[in-house]
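Thanks for coming, everyone. I'll take you through one protein model today. Please have a look at it first.

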Amino acid sequence: LLDIVWYTESMHAGIPVIILDRHRLQEREKPGLELAVVSVPSYACQRHTPLLHHNTTLTDALSILAENAELGENEGRGVAFRRAAALLKSLPQEVRGAEQLRGLPCLGEHSLRVIKEVLEDGVSHEVETTTHSEQFKAMKALTGIFGVGAKTADRWFREGIHTPSDLQRSGHTLNRAQRAGLQYYDELNLPVTKPEAVAIGQIVERAVHAVLPGAEITLIGGFRRGKQTGHDVDFLITHPDEGREEGLMRKVVSWLEAQGFLLYQKTTGNSYLESKEGPARPASNMDRFERCFSIFRLRTDNEGREIQTGTEIQTGDGSQTYSPTLTNTDPHTHSDTHPHTKTDSHPLPQTLVVVGDHAQKVSWVLGHSQCSGPRSWRAVRVDLVVSPYSQFAFALLGWTGSKLFERELRRWAVHEKAMTLSSHALYDRKRTQYLRASSEEEIFAHLGLEYIPPCDRNA
Ligand code: DCT
Ligand code: MG
């Protein structure tokens, strides 16, 4: 037992995963001992990956290199770093020496080099160079603008635009999303908290039930995996009577707009049709549901009342205390008066506010002028997705994430099961038929995978 390096409670095909260190066993020359080395499974969707894990120093380093690769549109390299980080997140203990990694999957040469450097020197030279690079900093700042992708950011960077302020000064013509992204830049880059997500959920529920009673609303994305903050809030909406959900998004959006809850929205219709789609085009189905990318105007609470320090909010997982004070005691409340950043004919007052703890962190790089007035709302990115009831389990699984977990599920389906999985359906290519499911558990079963609960999908 002394030679067991890792023991994990997680099961792989019904067998507890035990990793033995071959090298140490050989050193001690144990004749007659059969080596039953069971490796950690190589697909992230076969492993339990909790939110809190033991190797954050290493995974932070690898995540920076992954992000840099993604910003440079080197997807393959980005995925390799993400897979290595995900493997480390699933280990049951802190890695203290590179020898503990022997025999583990997903660790490419480059990732291993970085891990060894961090283990030995505390930092990786490559990670340090990346974080200090002007290009990385500029690409992060520019892609941090809602509506700006890596291609556009790279073009601007080459023109000498490094910050949102540079962009604003440049006089570039921006599309509607980018104008809103620039206008609410600071706030949209502040993490959305769980209480804020819950408050948005209450508004969405009111909107949906006002136009379609009986519809069901589920919080998806990172918050469903147990995260306490996110870059946005994601919701999946469906109705048990299939067909009733058709045209729902338009009505929900109209209701929200009439109530003054939306600062920006772009809705796309449902373009998924099983018969036309065919099973051969699986992976890029993220956007085929009726979907709304929006920026919410989150009032201090969903009734417009001020939430004082200590106000209790039910979050579904027990009651939580909402601590930010939303009364404006800060004389530096700002209003956005910049001509480039007005949203299209929006009826709301152009006062930008920041709530509670966020206030100190906001830099207002865009140079908003100051004004006085009550601090009563903030901007929050919200994604709404509508799914037909028969596709709900697939949509739920596909939109819970993490992104890498989803990618790994699809890779597992194709390479190990000859199936194609999307957020709409699962198709068995050998039996040439769609496999129906009304729960996530059934989909894992179809895929021959142990069920992994949302809180363990943080790959
Ligand atoms: N998703 C995916 N592939 C993508 C984008 C999204 O599989 N290319 C899925 C997984 C997560 C879900 O959609 C919601 O996406 P995000 O909001 O971007 O991710 P998140 O995990 O909710 O992250 P955050 O907490 O920062 O919002
Ligand atoms: Mg999200």
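A word on contacts before anything else: two residues are in contact if their C-beta atoms, placed from the backbone, lie within 7 Å. Now the ground rules. This is a predicted model, where local features need pLDDT of at least 70, side-chain atom pairs count only at pLDDT 80 or more, and totals for chains, interfaces and linings use all residues. Residues are numbered from 1 along each chain as its sequence is written, and chains are lettered from A and ligands numbered from 1 in the order in which they are written.

Start with the overview. The protein has 18 helices and 17 strands. Helices (H or I, at least four residues) and strands (E, at least two) are DSSP runs, numbered from the N terminus. Of the 459 residues, 40% count as buried. Buried takes 20 or more other C-beta atoms within 10 Å of a residue's own, exposed takes 12 or fewer, and partly exposed is in between, with C-beta atoms placed from the backbone. Take contacts between residues at least 6 apart in sequence: 67% of them join residues at least 24 apart.

Let me begin with Arg457. It is found in the segment after helix H18, residues 440-446. Is Arg457 buried or exposed? Buried, because Arg457 has 27 C-beta neighbours inside 10 Å. What does Arg457 contact, leaving aside neighbours within four places in sequence? Thr49, Arg225, Thr400, Gly401, Ser402, Phe405 and Ile452. Look at Thr400 in that set. Arg457 and Thr400 are 57 residues apart in sequence, and their C-alpha atoms are 8.3 Å apart in space.

Two other residues on that contact list, Gly401 and Ser402, deserve a stop. A cis peptide bond joins Gly401 and Ser402, with omega about -5°. Ser402 is in the loop between helix H16 (392-400) and helix H17 (403-417).

For background, most peptide bonds are trans, and most residues other than glycine have a negative phi. That brings me to two phi values. Cys106 is not a glycine, yet its phi is positive, near 70°. Cys106 sits in the loop between H3 and H4. Cys106 is buried, because 20 other C-beta atoms lie within 10 Å. Thr432 also has a positive phi, about 45°, and is not a glycine. Thr432 is in the loop between strand S16 (426-428) and strand S17 (433-434). With 8 C-beta neighbours inside 10 Å, Thr432 counts as exposed.

Next, the annotated site. Which residues does the UniProt annotation "binding site" cover? According to that unreviewed entry, Asp232, Asp234 and Asp383. UniProt positions are given in the numbering used here, feature names are shortened, and annotations may be inferred rather than shown by experiment. The three span 152 residues in sequence, yet no two of their C-alpha atoms are more than 7.3 Å apart, so they gather at one spot.

Asp232 is in the loop between strand S5 (229-230) and strand S6 (233-238). It is buried, with 20 other C-beta atoms within 10 Å. Beyond four places in sequence, Asp232 is in contact with Val192, Arg381, Val382 and Asp383. Asp383 lies in strand S14, residues 377-386. Asp383 is partly exposed, with 16 other C-beta atoms within 10 Å. Not counting residues up to four places away, Asp383 touches Asp232, Asp234 and Phe293.

Last topic: helix packing around H2. Axes are lines fitted to C-alpha atoms, for helices over the stretch in contact, and angles run from 0 to 180 degrees between N-to-C directions. Under 35 degrees counts as roughly parallel, over 145 as roughly antiparallel, 65 to 115 as roughly perpendicular, and the rest as oblique.

H2 and helix H3 (residues 75-89) pack at about 165°, axes 8 Å apart. That makes H2 roughly antiparallel to H3. The residues of this contact divide into 9 nonpolar, 3 polar and 5 charged. Here Ala, Val, Leu, Ile, Met, Phe, Trp, Tyr, Cys and Pro count as nonpolar, Asp, Glu, Lys and Arg as charged, and the others, Gly among them, as polar.

Now H2 (residues 56-71) and H4 (residues 109-121): their axes come within 10 Å and cross at roughly 135°. H2 and H4 are therefore oblique to each other. Thr57, Leu58, Ala61, Leu62 and Leu65 in H2 meet Ser111, Val114, Ile115 and Val118 in H4. By class, that contact has 7 nonpolar, 2 polar and no charged residues.
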